[in-house]
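Subject: Structure handover and notes

Hello,

Here is the structure for your files.

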Amino acid sequence: MSLKIGIITYHFTTNYGASLQAYALSHFLMMHGHDVEFIDYRPKSIRLEERRYLYNPRYLVNPNLLLQARRKRINMSKFLGKHIKLSKKIFYTDTSLNEYKHSYDIVICGSDEIWNVNSPRGLDKPYFINFINGEETRKISYAASFGSTNTLGLHEEEIHSLLKDFHAIAVRDNNSLSLINQAGLNIKKVVDPTLLLNLVNYENLLRINDIKSKYILVYGYMNQKEAEYVKILSDKEGLDIISVGFPQKYLKPFLKLNLFDAAPEEWLGYFYNASFVATNFFHGVVFSIIFNKPFTAFSNPQKVVKIREILNPLGIENRLLDLSKTSDFKISDRDLLVPLLTEDQKNNLNQQIQFSKDYLLHEALN
């Protein structure tokens, strides 16, 4: 039976991971016959982030960077317009969401850090679907996350109350699981939506680049030590260095390409063709795994918890590297460029993915 499904998440963004998790969840549901659209909620906090991104002081003193930042925003908007169905109405406040008559069979919140009450966005109750009556419409979460929040503090009672109106709850990390486990709710842990799609799905979406040489792909801003590590590795293995998604300071002299403004389809293409990935972002790790690319994940204090969440169950936690704990480092003698996942690790991951698909299609939606 085809259901009309509304999704509320961070979709209006210049972040590749956020855009692709939104695409993956909606595409997966549409592949199974459902009518899916995103509730186009753009609160003040999101709009302020957009403004800070476009008018970053670094960009204002560098006209080329400013131009690239705006091109990136345009590319992200084009991706949304082409691949994601948005609600006819844009909602700027929780009041406008509450006043509108929504006509969905099911509303899903997630994925991403939509419940991170420690972020500048704070507690934004529409991401807990407070504008929908749970007696009339099924309310579920899929891979929602509290991110770096380690205590709900004064929000605990209100959040537990909001979640009690849900019909099914699934989060993507153990931290989120523990924060709401004490509420006596039935909670599941599932994989990020980007893992619901397979390699062929992404091959049909990505745009192949024309780079002939082998290269290290860098995703994330590299500090001085991380840039030094990437440069040593590139020299050792004879690889070019390509950065995508961020301007680089310390790596800039060594880059073959610096693609700050790549479209999501191009971003995927650079992962697909990479020989090695250096990243400090969660979705940099995820897409390295999807495309089975060897990688190093640098320890980013804001991202390290969720990066560990995906590495540890697969037994590849050695791919996480914290350069802040050493003043003198060398590239390991082990061959970093070997295939990433063994057959046992692939089977482990596939079991996690199948569990998540079964939860979503046969438990959450029914």
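The notes below cover the model itself, then helices, aromatic rings and a few individual residues.

This is a predicted model, in which local features need pLDDT of at least 70 and side-chain atom pairs count only at pLDDT 80 or more, while totals for chains, interfaces and linings use all residues. Residues are numbered from 1 along each chain as its sequence is written, and side-chain values use heavy atoms, with hydrogens and water left out.

Helices (H or I, at least four residues) and strands (E, at least two) are DSSP runs numbered from the N terminus. Buried is under 20% relative accessible area, exposed is over 50%, and partly exposed is in between, with a 1.4 Å probe and protein chains only. Contact is heavy atoms within 4.5 Å.

Helix 7 spans residues 174-181, and its buried residues are N175, S176, L177, L179 and I180. Their cover includes helix 6 (156-163), strand 6 (169-171), strand 7 (187-189) and helix 12 (304-311). At the start of helix 7, the backbone nitrogen of N175 has a side-chain oxygen of D173 within 3.3 Å.

Helix 12 is mostly covered, with 6 of its 8 residues buried. These are V304, K306, I307, E309, I310 and L311. They pack against helix 7, helix 11, strand 7, strand 12 and strand 13 (320-321).

Aromatic rings

The structure holds 24 aromatic pairs. Rings of Phe, Tyr and Trp (its six-membered ring) pair if their centres lie within 6.5 Å; planes under 30 degrees apart count as stacked, over 60 as edge-to-face and the rest as tilted.

One of the pairs is Y219 with F246, which is tilted, at 5.8 Å centre to centre and 55° between the planes. This pair links distant parts of the chain, 27 residues apart: Y219 is in strand 8 (residues 215-219) and F246 is in the loop between strand 9 (240-244) and strand 10 (257-259). Y219 is buried at a relative accessible area of 2%, whereas F246 is partly exposed at 22%.

Y272 and F291 form an edge-to-face pair, because their ring centres are 5.6 Å apart and their planes are at 85°. This pair also links distant parts of the chain: Y272 is in helix 10 (residues 264-273), and F291, 19 residues apart from it, is in the loop between helix 11 (282-290) and strand 12 (295-298). Here Y272 is partly exposed, with a relative accessible area of 26%, and F291 is buried, at 8%.

Two arginines sit over rings. The charged end of R42 is 3.9 Å from the ring centre of F12, and that of R121 is 3.7 Å from the ring centre of Y10. The criterion is NZ of Lys or CZ of Arg within 6 Å of the ring centre and within 35 degrees of the ring normal.

Individual residues

G284 is in helix 11 and is buried, with a relative accessible area of 0%. Apart from neighbours within four places in sequence, G284 is in contact with Y219, F271, V277 and T279. Its C-alpha atom is 9.8 Å from that of L217, 67 residues apart along the chain.

D112 lies in the loop between strand 4 (106-109) and strand 5 (138-141). D112 is buried yet has no salt bridge, and R172, the nearest side chain of opposite charge, is 4.5 Å away. A salt bridge needs a side-chain nitrogen of Lys or Arg within 4 Å of a carboxyl oxygen of Asp or Glu; Lys and Arg count as positive and Asp and Glu as negative, while His and the chain ends are not counted. Not counting residues up to four places away in sequence, D112 touches T9, Y10, A18, Q21, A143, A144, S145 and R172.

I114 is in the loop between strand 4 and strand 5 and is buried, at 2% relative accessibility. Beyond four places in sequence, I114 is in contact with T9, Y10, C109, Y127, A144 and S145.

S141 is in strand 5 and is buried, at 0% relative accessibility. Its side chain reaches the backbone nitrogen of A170 at 2.8 Å.

Regards

Note on methods: A polar contact is a pair of N or O atoms within 3.5 Å; within protein, one must be able to donate a hydrogen and the other to accept it, and residues adjacent in sequence count only if both atoms are side-chain atoms.
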